[in-house]
Amino acid sequence: MSEIPQDPVAFANYVESIIPDKTTPIYTLCRTGVRSVGAANVLTDRGYTNVRNIWEGFVGINLTVPEKQGTVTVMVNADLNHDGVLNDKDKNGWRYHQGLPYDTRILPPLIYQPYAFLYDLND
């Protein structure tokens, strides 16, 4: 698995180039809700005043709960939707939370342009 290098200065410069008004509402979102907090912090450090992070990310993570196993308490994944099966639908992210809407289409104008070459848009 490879990762896209994260350059906070380049990110903030890019956002400033497309959203010069620093009072514009900006919402940050990532897969688990961790990187988007960092992105929101970078933007507020640059003077943006209306930045919000979408808590827990798009997919989220598995939450754990304590479970007694004999005389030992261990942490186990929580069955958030109470269906008796542990799978991705038990993650706490926006995608699975209470059936909120989402779309997986790639919209070329909305792709972060410095990395647009990573997407196969010739479908």
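Let's start with Ser36, which touches Thr28, Leu29, Cys30, Asn53 and Ile54, leaving aside residues up to four places away in sequence. This is a predicted model, and in it Ser36 is found in helix α2. Its relative accessibility is 2%, so Ser36 counts as buried, the cut-off being under 20%. The side chain of Ser36 also makes a polar contact of 2.5 Å with the side chain of Asn53.

Now to helix α1, which spans residues 8-18 and has Ala12, Tyr14 and Val15 buried. Viewed down the axis of α1, these buried residues fall within an arc of 160 degrees, so they line one face of the helix. Their cover includes β1 (26-28) and α2 (35-45).

Salt bridges come next, and the count is four. Among them are these:

| Pair | Closest N and O atoms |
|---|---|
| Lys22 and Glu16 | 2.8 Å |
| Glu16 and Arg46 | 2.6 Å |
| Arg105 and Asp103 | 2.6 Å |

Glu16 lies in helix α1 and Arg46 in the loop between α2 and β2 (51-53), so this pair ties together parts that are 30 residues apart in sequence. How exposed are the partners? Glu16 is partly exposed at 24% relative accessibility, as is Lys22 at 27%, and Arg46 is partly exposed at 26%. In the pair listed last, Arg105 counts as exposed at 59%, while Asp103 is partly exposed at 44%. Through shared partners, salt bridges join Glu16, Lys22 and Arg46 into one network.

Conventions. Residues are numbered from 1 along each chain as its sequence is written. This is a predicted model: local features need pLDDT of at least 70, side-chain atom pairs count only at pLDDT 80 or more; totals for chains, interfaces and linings use all residues. Side-chain values use heavy atoms; hydrogens and water are left out. Buried means under 20% relative accessible area, exposed over 50%, partly exposed in between (1.4 Å probe, protein chains only). Helices (H or I, at least four residues) and strands (E, at least two) are DSSP runs, numbered from the N terminus. The arc is that of the directions from the helix axis to the C-beta atoms. Contact means heavy atoms within 4.5 Å. A polar contact is a pair of N or O atoms within 3.5 Å; within protein, one must be able to donate a hydrogen and the other to accept it, and residues adjacent in sequence count only if both atoms are side-chain atoms. A salt bridge is a side-chain nitrogen of Lys or Arg within 4 Å of a carboxyl oxygen of Asp or Glu.
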